Amino acid sequence: AMFWSLAAILAAMRSRKLDGWALLAGAAFGMAFLTRPLNALLLIPLLFSLRLNIKNILYFIIGGLPLAAIFLTYNLVTHGHPFLTRYWATGHQNLMKTAGFTDRFNFYRYWIKVTMTPLPLLGWLVVAADRKVEWRNRAMLVSWFGAFFLFYSCYDVYKVWWYTRFLLPGFPAMVLGTLLVARDIPGLLKNYIGEVNQ
């Protein structure tokens, strides 16, 4: 799931210069979706990654169509309806709750800190304010991990550390955000010290 999310975002960003990359972005998104349908959350950062013109969007859709056909056919054969997924058939939608949001949010925050140190989460937060990163890229990074983090903070399946796997499709955003902030720290500090001295 993490591989396909990273491939989808990378291809979408490359499609800003060459529309053909949007085909690969659509196919990679389709693979991420087949891996876990809730990876549809990737559509949010993909909106900031793709060049939003008709040709680019059309290529993205064409790239994902064969995988959408596989998904719909699989659901039809196994559940009798093209839009009825295993998650819906087994009642997983009932596990979405805002009650207990804070507990799940803190659970994931704690296990990210334990498994990765606090730095990636901190870097991801700080990149939102790093003006040396283009606004679309900042929005993409924030929404990429943020969508998964917030969504699964509403999903009442947790309490064991390995449920952090649900967040894996968004983990590259934390790492990339941290690297961009590390790259820009000297300039950010210089600007901050200059403002303080004035």
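In α4, the buried residues are Asn56, Phe60, Gly63, Gly64, Leu67, Phe71 and Asn75. Buried means under 20% relative accessible area, exposed means over 50%, and partly exposed is in between, with a 1.4 Å probe and protein chains only. Among the elements that cover these residues are α2 (21-35) and α3 (43-49).

Before I go on: this is a predicted model, where local features need pLDDT of at least 70, side-chain atom pairs count only at pLDDT 80 or more, and totals for chains, interfaces and linings use all residues. Residues are numbered from 1 along each chain as its sequence is written, and side-chain values use heavy atoms, leaving out hydrogens and water.

Helices here are DSSP runs of H or I with at least four residues, numbered from the N terminus. α4 covers residues 54-79, which is 26 residues, and spans 35 Å from its first C-alpha to its last, close to the expected 38 Å. That expected span is 1.5 Å times one less than the number of residues.

Where is the kink in α4? It lies at leucine 65, shortly before proline 66, and is about 40°. The bend is the angle between axes fitted to the seven residues ending at a residue and the seven starting there. After α4 comes glycine 80, with a positive phi near 80°.

Now one of the buried residues, Phe60. Phenylalanine 60 forms a tilted aromatic pair with phenylalanine 29, with 5.9 Å between centres and 40° between planes. Rings of Phe, Tyr and Trp (its six-membered ring) pair if their centres lie within 6.5 Å; planes under 30 degrees apart are stacked, over 60 edge-to-face, and the rest tilted. Phenylalanine 29 is in α2 and phenylalanine 60 in α4, 31 residues apart. Both are buried. The whole structure has 20 aromatic pairs.

Leucine 46 touches both Phe29 and Phe60, as well as Ala8, Ile9 and Ala12, leaving aside residues up to four places away in sequence. Contact means heavy atoms within 4.5 Å.

Leu46 is also among the residues with the most contacts inside the largest nonpolar core, which has 39 residues. Such a core is a set of buried Ala, Val, Leu, Ile, Met, Phe, Trp, Tyr and Cys residues joined through side-chain atoms within 4.5 Å. Which helix gives the most to this core? α8 does, with eight residues.

Conventions:
Helices (H or I, at least four residues) and strands (E, at least two) are DSSP runs, numbered from the N terminus.
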